[in-house]
Structures are given as structure tokens and as C-alpha cells.
Amino acid sequence: MKLKFLRLSFFLLTVLSMNASAQILTQEDSLAAGLIYKQQATVIAGYGEAKYSIDTKRKSAEASLKRVVLFLGHKFNNKISLFTELEVEDALVANGSNSGIGEISMEQVFLKFNLNPNTYLVAGLFLPRIGILNENHLPTTFNGVDRPFLEEQIIPSTWREVGVGLYGQFKQIQGLNYSVSLTNGLNSEGFSSANGIGGGTQLGQAQNGTNLGFNAALLYYVGDFRLQASGYIGGSTAKEKRVADSLQLNSGAFGNPVKLGEIDAQYSNAGISVRGIATIVNIKNADAINRAFANNTPETMYGGYAELGYDLLYPANKGTKSFILFGRYEYVNLNAQIPSNGLENKANEKNYIVGGFTYKPIRGVAIKADYVRRITGDFNQALIVTPFPQQVPYFKNDGFVNLGVAYNF
């Protein structure tokens, strides 16, 4: 798997010298379609989602306005455009003297430079092309009240960093596209056995250190299929050299590297939709990271999922109105391999069985419901810091009923 990842990265590095012939418009880009197809100089758009969830074993429930995002785009001229997204999560950050659990963050802020009608460059805070949902995470474009667990726990969601990216398509092979990007790297101090590398994403915040991240992807549209392979390698020592030396961590652009590889496929035709993904993450120097931060960083994580859906209303409405029944199976192993100074936790080997529906009365509005069955191994009692009754009970076999609404415009 490591060899395949390196071959893929080397191959993608060579494509920059080849000609491109067409831009790709993703679902996320639909927020800014006005900047491409219309004459407005400034476009306002957005999306949001709310959720109500019941934990059947704990006998508890939670209601949340998960996120509201405001998009503002501006076209300076036919060559240069600005894309911005401001996100509020969990509704409340602060109210007078009270603080909430929510947060405010910039999800994207980048300039897009059209180098020619078929190739473009982005610079700023943007979402690299990794996995199925990172670029295309509008809540009306995926089934299930929550995003697939693999694309939150192994591939961080939504993963954005500051840097530059080049996008284009091979002229010689219609439908075959490439992207390459160079961004700031990760911060291994935020890694953990429960949340993988997600806590180490920088998200455009001020950071120390000189570490970098390189991402490359091939995206191929052929018939009713969308096929993709992408890879990432990045340094994770987000410390200046004197601090890194004191922690006995390698510094430099790719010090303590994190490698991620994924392949995914999607099929859609006549109301039938199928999607699947497999991914693996390797953290070579996990033992050194554990020694420095005591955060129980794993050495290897991997997982995959497969989903099948059918739109019952497709024969009469051709997608303008839809009622999609779907089922999905996910496997996630966040502790597939741990270093000698790590602690194994079987609870981080997870199976998810998800089934439900997505009803779209019109494009841009989705009403969702699903049932999630989560099956894991035993929780390692040595990792419990706060004993019972303060410790939240953990169930190896748990069920969740979720209801949600979502929109985008």
C-alpha cells in the first residue's frame, strides 16, 4: 500500500508539464456558479443543517443546529475571482457572559486565477481534493443525517489549509482530471487514537514551524462513473526548530511525515446511486510523537465504506424531486497498528450499519432520517481518566435514531 501511494504521488507530479483542456465543476462549486455562468460581480449563497438524535442505549437525546455557512463570492474580472465561506457550528459561541459550545471559522477564503479557459490556480485557504466529501460536502448532496464516519474520523472533515493548488484536465484522455496542491502541514500535538489526525489540521490558523503538505489527485469521469485516487504527504512538526529539538522531533518541511492514500468510486444512473471508498493513513514516527505529547498517536489507520441508494421518484421526476432509500456499511480502524509506547483501544475498531431515506421536495432542500448501528470492541479501561459515575457509559453495541433537515442555495 505504501509503494502504491509513492508511485501515485510520483506519477501525479509529472502531469504538470502536460496540457489541460477543461475545468471541473464540483457540487461545492455550485455555490459560486453565478460567478461562472452569470454576469453578477458579487454572489451570495449558503447552506446549513440541523439534527435531532436519540441514543437508544443511553436513553438520551440531542438537538443541534449543526452548521450554517454563508458564501460570498466576487468576480474582479474574467481572470480573477474571490471565494469565501464563513461557518458557524452548533449555533452559539457566546451570549453575553455565557459561552456556548459552538465555533466560528472560515471554511474557505481563496482567490481563483483562470490561467486559460481550461486550467486554474487557487491560492489561500481551500479544500484539497481528498476523498468523496472534502470538496463536495453540501448537506443536500450526501445520504444520511451525518457525514460518513470514515470521512470524519480518518479523512478529516472538512480539511482545509493555506496554500496553492493547480487544477486541470488531460487533453489526451477526455474526462481525466488532475489536481496538485502545496499547503501548510499538520500539527501532531493534536493527534489521538480516538480522532486520528483530525485534531492536527491547522485550518488556516497562525502556526509555527516550516512543515508543508503535498496533495495530488486523479479524477476520471467516464460514462456514469466518477473515479478518483488521491494521496497526501505532509510534515507534522508544527514547531520552530529550537522547540522541535527540545522535544526530540524531526523538523523541516516533511519532518515526522503523515501519509494518506485513498481511492473512491461513484456511480449514478436512472435513480440508482452507488459509492465506495477505501483509505489508509500511516504516521511513521508515531512513537516519537507519543513520547513528546503523550497523545497515544497510532502508526496506521484504515477503513472503507460502501453505499447503495435508489430514488423511488426518479421515473416520474428525473431528479427534480427525489425520495432516496439507502443503506451503507462502514469499517473504521483507528488503531490498526500502534507503536510500542502506545495503548491499544479496541473501541476504536468500529463497524457502522446505516439505513434511512433522503427526501428532496425541490433541489436544494433535504429532509433526512436514518438509523445507525455502531458495533465496536471493548473500551480499554486504562484510558479512563474520570471514573464512574462521571465517566459517560460506553456501549460496544449501540443504536442511534437521527432526524435532520438541510438546505443549500
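A search of the whole structure, which is a predicted model, finds 12 aromatic pairs. One of them joins Tyr-407 and Phe-409 in a stacked arrangement, with 6.3 Å between the ring centres and 15 degrees between the planes.

**Aromatic rings and charges over them**

- The pair of Tyr-407 and Phe-409 counts as stacked because its planes are 15 degrees apart, and the cut-off for stacking is under 30 degrees.
- Tyr-407 is partly exposed, at a relative accessible area of 31%.
- Phe-409 counts as exposed, because its relative accessibility is 54% and the class begins at over 50%.
- One aromatic cluster is formed by Phe-71, Phe-83 and Phe-110.
- The charged end of Lys-112 sits over the ring of Tyr-120, 4.4 Å from the ring centre.
- Arg-328 lies over the face of Tyr-305, and the distance to the ring centre is 5.9 Å.

- Strand E3 covers residues 80–89 and strand E6 covers residues 103–116; the two pair in the antiparallel sense over 10 bridges.
- The bridge partner of Phe-113 in E7 is Leu-121.
- E6 and E7 form a hairpin, with 2 residues between the strands.

- E7 pairs with E8 in the antiparallel sense over 7 bridges.
- Leu-121, the bridge partner of Phe-113, stands opposite Leu-166 in E8.
- Strand E8 (residues 161–169) is mostly covered, with 7 of its 9 residues buried.
- E8 pairs in turn with strand E9 (residues 176–184), in the antiparallel sense and over 7 bridges.
- Gly-168 has Tyr-178 in E9 as its bridge partner.
- A hairpin is formed by E8 and E9 with 6 residues between them, and Gly-175 in the turn has a positive phi of about 90 degrees.

**Helix H5**

- Helix H5 (residues 286–293) is largely enclosed by the rest of the structure, because 6 of its 8 residues are buried.
- The buried residues of H5 are Ala-286, Ala-288, Ile-289, Asn-290, Ala-292 and Phe-293.
- Strand E13 (272–283) is included in what covers these buried residues.

- Glu-135 is found in the loop between E7 and helix H3 (150–153).
- Glu-135 counts as buried because its relative accessible area is 11%, and the cut-off for that class is under 20%.
- The side chain of Glu-135 makes a polar contact with the side chain of Arg-129, at 2.8 Å.

Technical notes:
Residues numbered from 1 in each chain as written. Predicted model: local features only at pLDDT ≥ 70, side-chain atom pairs only at ≥ 80, totals over all residues. Heavy atoms only, no water. Phe/Tyr/Trp six-rings, centres within 6.5 Å; stacked < 30°, edge-to-face > 60°. Buried < 20%, exposed > 50% of the residue type's maximum accessible area, 1.4 Å probe, protein only. Lys NZ or Arg CZ within 6 Å of the ring centre and 35° of its normal. Pairing = 2+ DSSP bridges. Helix = DSSP H or I, 4+ residues; strand = E, 2+ residues; numbered from the N terminus. Contact = heavy atoms within 4.5 Å. Polar contact = N/O pair within 3.5 Å; in protein donor to acceptor, adjacent residues only side chain to side chain.
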